[in-house]
Amino acid sequence: MTHTPRQDRGEASVLPDVEGHGAELPPVWRRIAAERWGSGRTADTVGLLVLVLATALTAFQLYVSLAAGIDARQQRLVHLMFVMLLVFLTMPPLKAVEDEDGNPLDTAGNRTRTILGAGIDLAAIGLAVVTSLYPIVLQEELASRAGGYENTDWIMGLLGILVLLEATRRAVGWVMVVLVSLFMYYAWLGPLIPGEFGHTGATVQRIATHSYLGNDGIYGMTLGVVVTFVFVFILFGAVLSKTGGGNFFVGLAYVLTGRMTGGPAKGAVLGSALMGSVSGSAIANVVTTGPFTIPLMKRVGYKKYDTAGVEAAASTGGQVLPPIMGAGAFIMAERLGVPYAEIVKVAIIPALMYFGVMFLFVDILARKHGIGALRADEVPRFRTVMKAGWHFLAPLVLLIVLLLNYVHPAQAGLYACGALLVVAMLRASSRLGVRDFFEVFVIAARNTLAVSVACAVAGIIVGVVGLTGLGLVFSNVLVTAFSGSLLLTMVMVALASLVLGIGLPVTASYVVLVILAGPALEELGLALIVAHMIVYWCSQDSNVTPPVSFAAFAAAGIAGSKPMRAGVSAWKFAKGLYLVPLLMAYSALMALDGPPADVVIAVVTGCVALTASAVAIEGFFLRKVVLAERLGLLLAAVLVMVAPEWAGLLQAVLSLDLHHYWFVLTGTALGVVLLVLHVINHRLARRSGLPEERTETAAGVHAG
C-alpha cells in the first residue's frame, strides 16, 4: 500500500511540518517493534502483533464508550491486560550493551540477554492474561466470597501485583516499583512501627486481595479514569496529529507572534500551549513541536539552553491549560465528585496567567539580548494559514462548548473525534487513508501505556493508604509539624512533588501527593478543589525542575544543549508553576462562584505580582534593572502573593489586626509605581540619546 506524504498535498504545504508528514517512513507499528527487535522476521511479527493489540484496544475502548454495556471492573481488567501485553512486547526486560550510536552490539552477552528476555516476556504475557481473566471468569464466585477469599484468590492477587510491577519497571521505572513496594511493606509492618505511623498491620493475603480484588486497588477509580475519560482524549490527540492539526496550530501561533520582538520564542509558547492543551503529554509535545520551534529560536539569537527551556516550559504549561489538561485533571474531577467542566472553568484563569508570565519572560530575554522578530518573508500570512487549516478549529470549539455545557467528558471527546474525522476527510490535505487509521490506533495505544500502568500501580498506593489510615496520620503530622502554617505546608508539598517526580510520572505524583497532603491543605482552610489544583500544579514540576526535568532533557536533545543547563532555564521560565499556586491559595483567583469583583481584583493584583517577579528574577525589563529596583519589585510580589501571612505576622508580633487586603493594595501599588518609573526612565534615556543597556547583542547565535 502506498502512502503519499500529506505535506505535498495542496494548501497544507504552507504549514510547518511539525508532525513529520513530509517524510517517507515505515508504518508506526514497525518502527515501534524495530526499536526493540531491530529488523527482520521477528520484528515484522512483533509489529503485526502490536498493530492487532493496539487496534483491539482502541476498538474495545470505543465500544465501551459507545455501548457502556460492560461492568466497570471488567472494562479496567481488559484495558490493563491489553496495555501490559503491549508493554511486554515493545519494552525490553533487560538492557542490551550498545555502541556509541545506540545500536545493540552483537556479543554473546547480548544474545544471552535476548534469549533470557524472551523467556521473561513469555512468562509475563502468560501471567498478564491469566490474572486479568481470572476475576472476569469467576466474577460471581469472587463476589459471593468477598471478605473470605480462598488461597487461590490471594495467590492470583500476588501474581497480578508482581506482573504489574514488572510492567511498571519497564514503562515507568524502578523508582515507582520501589515506592509501591515500600507502601506495601509499610502495610505489613504496621504493628512494629512506633508512634503515630504505627497501625494494626495487614497480612500478605490481605494486601494481595485488597490490591487485586478491592475497590481501591489496581482496578480502582484511578485506572477507571483512564479507561473512561483519558483514552478518548488521547485518541483525539492522535487523530489531530495524524491529520496535520498540529501543523496548523503551530503555523497559526507563528502568524500571531512572528512579527513581535522575540517572535519565534513567543510562537513556541503559543504553539506548544495550543498543542499541549489537546495532547495531554508535555514530553510528547516537546518532541512534536520542538524540532520546528527550537531551530527558529536559535536562528534569531536565543541561546541553545534557553530555546530548550522555553519549549519545555511551554509544553508543560499545556498540561494545566483546558480543554484537555492531562490524566490528573480527570482523576481530580472523579475524586472531587464534580463535573469535569468545573475543573475546566477554575483552571482557565490560572493557566492564562502562567502563559502570560512565560510571554513576559521570553520578551524580556529578547530585549535583554537584542533579539528581534522574524523576517517578513519567514512569517506565513494569516489568510493563507487559515485557508489551509481552518477546519481544525471546528472540533476544538465543539469540544470546549460540550465540556462547558456539562456533557460527559467521554461523550464530548467522542463527538470531537467524530467531528475531527469528518472535517479532515472533507479535504485532501488532511484526509486519512486505511494505513493512517491503523497508525492512529497504534499511536493512541502507545501514548496510553505509561499513563495506564502508572495509574494502575498508583491504585495499590491508594488502597494501602485507605487500609492503614496513613493519609489522615500524614496530614495530621504535616499540620502539627508546621504549626498550622499554610505557607510552610505548601513549600513542603512542592518539595515532596519534586522528590516524587524523580521517578514518577506527573499523574502518579499527583495521585500520591493528593491522598497524603491534600487533607492537610484542606484542614488549613483551603477549599477542596483549590487544594487539589495546587497539588496538580506542583506535580508538573518534574518536567522542568532539575535534577529531573524530563521535558527539558528532551528539548535539550533537540537544541544540542547541556541537559542540566536546559533544565535550569526551563525552571526559570516555568516559575508560574510555583507562583500561581500561591495566588490560588491566598486570593480569590479560583472563587468563580463568589463576587466577580473579588476575582477581577485577584487577577489584576496577581498579574502585577507576577510581572514584578519576572522582572526581579531576570534583572531586566526595558533596560537593566538596578539592585534597588529588583528588591522593591520582589517585595511588591511577596506582599501580594502571601498577603494573609503578612497580616498574621503583624498580628502575632505587634498585636495589630490589619486586613490582608491592605498588604495586597500596598504590594500592587509598589509594583505599579516601580514598573511605571522604569518605563519613564527608559523613555527619557532614549530621548537623551543614551545607549540601551543590554547584556549581549543579537550578533549571531549564542552557544548553549
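Is Cys455 buried or exposed? Cys455 counts as buried, because its relative accessibility is 1% and buried means under 20% relative accessible area, exposed over 50% and partly exposed in between (1.4 Å probe, protein chains only).

## Basis of the values

This is a predicted model, in which local features need pLDDT of at least 70 and side-chain atom pairs count only at pLDDT 80 or more, while totals for chains, interfaces and linings use all residues. Residues are numbered from 1 along each chain as its sequence is written, and side-chain values use heavy atoms, with hydrogens and water left out.

## Cysteines

A disulfide is a covalent bond between the sulfur atoms of two cysteines. Here it is assigned to a pair of cysteine sulfur atoms within 2.5 Å, and by this rule the count comes to zero. Cys417 is in no disulfide, and the nearest cysteine sulfur, that of Cys455, is 19 Å away. Cys417 counts as buried, at 6% relative accessibility.

Cys455 is in no disulfide either. For Cys455 the nearest cysteine sulfur is that of Cys538, 19 Å away.

## Salt bridges

A salt bridge is a side-chain nitrogen of Lys or Arg within 4 Å of a carboxyl oxygen of Asp or Glu; the count comes to 13. One of them joins Asp121 to Arg36, with the closest N and O atoms 2.3 Å apart. This pair links distant parts of the chain, 85 residues apart: Asp121 is in helix 4 (residues 108-137) and Arg36 in helix 1 (residues 28-37). Helices are DSSP runs (H or I, at least four residues), numbered from the N terminus. Both Asp121 and Arg36 are buried.

Arg145 has salt bridges with Glu150 (3.9 Å, N to O) and with Asp153, where the closest N and O atoms are 2.7 Å apart. Both Asp153 and Arg145 are buried, Arg145 with a relative accessible area of 19%. Glu150 is partly exposed, at 43% relative accessibility. Elsewhere, salt bridges that share partners join Arg36, Asp121, Glu166, Arg169 and Arg170 into one network.

## A buried serine

Ser315 lies in helix 13 (residues 304-317) and is buried, with a relative accessible area of 0%. Leaving out residues up to four places away in sequence, Ser315 touches Ser272, Ala282, Asn285 and Val286; contact means heavy atoms within 4.5 Å.

## Nonpolar surface patch

Val672, Val673, Val676, Leu677, Ile680 and Leu684 form a nonpolar surface patch, with about 470 Å² of accessible area together. Patch residues have over 30% relative accessible area and no salt bridge, and nonpolar side chains (Val, Leu, Ile, Met, Phe, Trp, Tyr) are joined within 5 Å. Accessible areas come from the Shrake-Rupley method with a 1.4 Å probe. Val672 lies in helix 30 (residues 661-687) and is partly exposed, with a relative accessible area of 36%.

Definitions and conventions:
Patches are made of residues with over 30% relative accessible area and no salt bridge: like charges are joined within 9 Å, nonpolar side chains (Val, Leu, Ile, Met, Phe, Trp, Tyr) within 5 Å. Helices (H or I, at least four residues) and strands (E, at least two) are DSSP runs, numbered from the N terminus.
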